Amino acid sequence: MTTAAKWALAAGVLVLAVIVAVLPRVRTADSPAAGPDLTAARAAAALPACPTGTGTVPQLAGVTTECLGDGAAADLGSALAGQVTVVNVWATWCQPCRTELPVLQRYAAEPGAARVLTVQVQSKPDDGLKLLTDLGVRLPTVFDGDGGTGPVREALKVPPALPASYLVTADGRVRFIESPRTFTDPEQVREVVRRLS
């Protein structure tokens with residue numbers, strides 16, 4: 001092999017090594033998810049586990065997303081079946097959401113309150129965990145992706161203006177809460193639950 005051929009081979013190997021180094025890795029079920037390590041943020045947020053259950057909410061059948069508190073998969077179609085649940089969709093950039101989340105926390109802490117599940121959208125999961133920690137909100141929360149749409153938003157037909165809340169009845173019907181669009185007092189939540197259950 002000539003010197004020129006050796007140099008050409010060495011250059012080819014070097015180019016190949018650079019290409020392999022910069023190409024994104026293909027994830028497998030055994031490899032960790034891309035993105036930030038959420039362990040410390042999850043510990044600080046101390047969110048409860050997402051609900052699990054049996055049965056089906058037809059509008060949410062087959063909708064699986066990530067539980068923000070522990071990273072486990074949450075099947076909302078079965079998890080929300082059989083119990084009245086207030087589902088609140090929010091994002092970290094949404095100022096009214098920052099006001100509403102603590103109201104929902106206060107409501108959920110009341111005796112006899114319906115279950116509350118929040119859905120973080122259109123913002124990074126670590127930002128969501130930080131916001132919930134800063135607000136002192138400890139509600140079960142699922143992450144529906146930081147892009148323009150996700151399976152929960154598609155199933156619920158979430159409007160672009162946030163926050164958006166829904167009531168899932170014990171018999172599996174899903175009702176959009178038109179009024180009030182933003183809860184400012186736990187009594188408003190109680191009234192909506194009474195009215196739409």
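A nonpolar core is a set of buried Ala, Val, Leu, Ile, Met, Phe, Trp, Tyr and Cys residues joined through side-chain atoms within 4.5 Å, where buried means under 20% relative accessible area, exposed over 50% and partly exposed in between, with a 1.4 Å probe and protein chains only. The model is predicted, so that local features need pLDDT of at least 70 and side-chain atom pairs count only at pLDDT 80 or more, while totals for chains, interfaces and linings use all residues. Residues are numbered from 1 along each chain as its sequence is written, and side-chain values use heavy atoms, with hydrogens and water left out.

The largest nonpolar core has 52 residues, of which Leu60, Leu76, Val89, Leu156, Leu162, Tyr166 and Val189 touch the most other members. Two or more residues come from each of β3, α4, β4, α5, β5, α6 (151-156), β6 (164-168) and α7 (186-196), and α4 gives the most, with 5 residues; helices (H or I, at least four residues) and strands (E, at least two) are DSSP runs, numbered from the N terminus. Leu156, leaving aside its neighbours within four places in sequence, is in contact (heavy atoms within 4.5 Å) with Gln59, Leu60, Val87, Tyr166 and Val174.

Strands pair if DSSP finds at least two bridges between them; β3 and β6 run antiparallel and are joined by 5 bridges, with Val168 of β6 as the bridge partner of Thr85. On the pairing with β7, which is also antiparallel, there are 3 bridges, and Phe176 in β7 is the bridge partner of Tyr166. β6 and β7 form a hairpin with 5 residues between them, and Gly172 in the turn has a positive phi of about 90 degrees.

In α5 (residues 125-135), the buried residues are Pro125, Gly128, Leu129, Leu131 and Leu132; they cover an arc of only 160 degrees around the axis (taken from the directions from the helix axis to the C-beta atoms), which puts them on the same side of α5. Exposed Lys130 and Asp134 lie on the face turned away from that buried side. The cover over the buried residues of α5 includes α2 (39-45), β3 (85-90), α4 (95-108), β4 (115-120) and β5 (141-143), and just after the helix Gly136 takes a positive phi of about 70 degrees.

In α7, the buried residues are Pro186, Val189, Val192, Val193 and Leu196, and these fall within an arc of 120 degrees seen down the axis, so they line one face of the helix. Their cover includes β3, α4, β6 and β7 (174-176). Asp185 caps the N-terminal end of α7, with a side-chain oxygen 2.7 Å from the backbone nitrogen of Glu187.

The structure also holds 2 disulfides, each a pair of cysteine sulfur atoms within 2.5 Å. One joins Cys50 to Cys67, with an S to S distance of 2.2 Å, and links distant parts of the chain, since Cys50 is in the loop between α2 and β1 (64-67) and Cys67 in strand β1, 17 residues apart. The torsion about this S-S bond is about 90 degrees, so the disulfide is right-handed. Cys94 is joined to Cys97, S to S 2.2 Å, in a right-handed link with 85 degrees about the S-S bond.

Methods. Polar contact = N/O pair within 3.5 Å; in protein donor to acceptor, adjacent residues only side chain to side chain.
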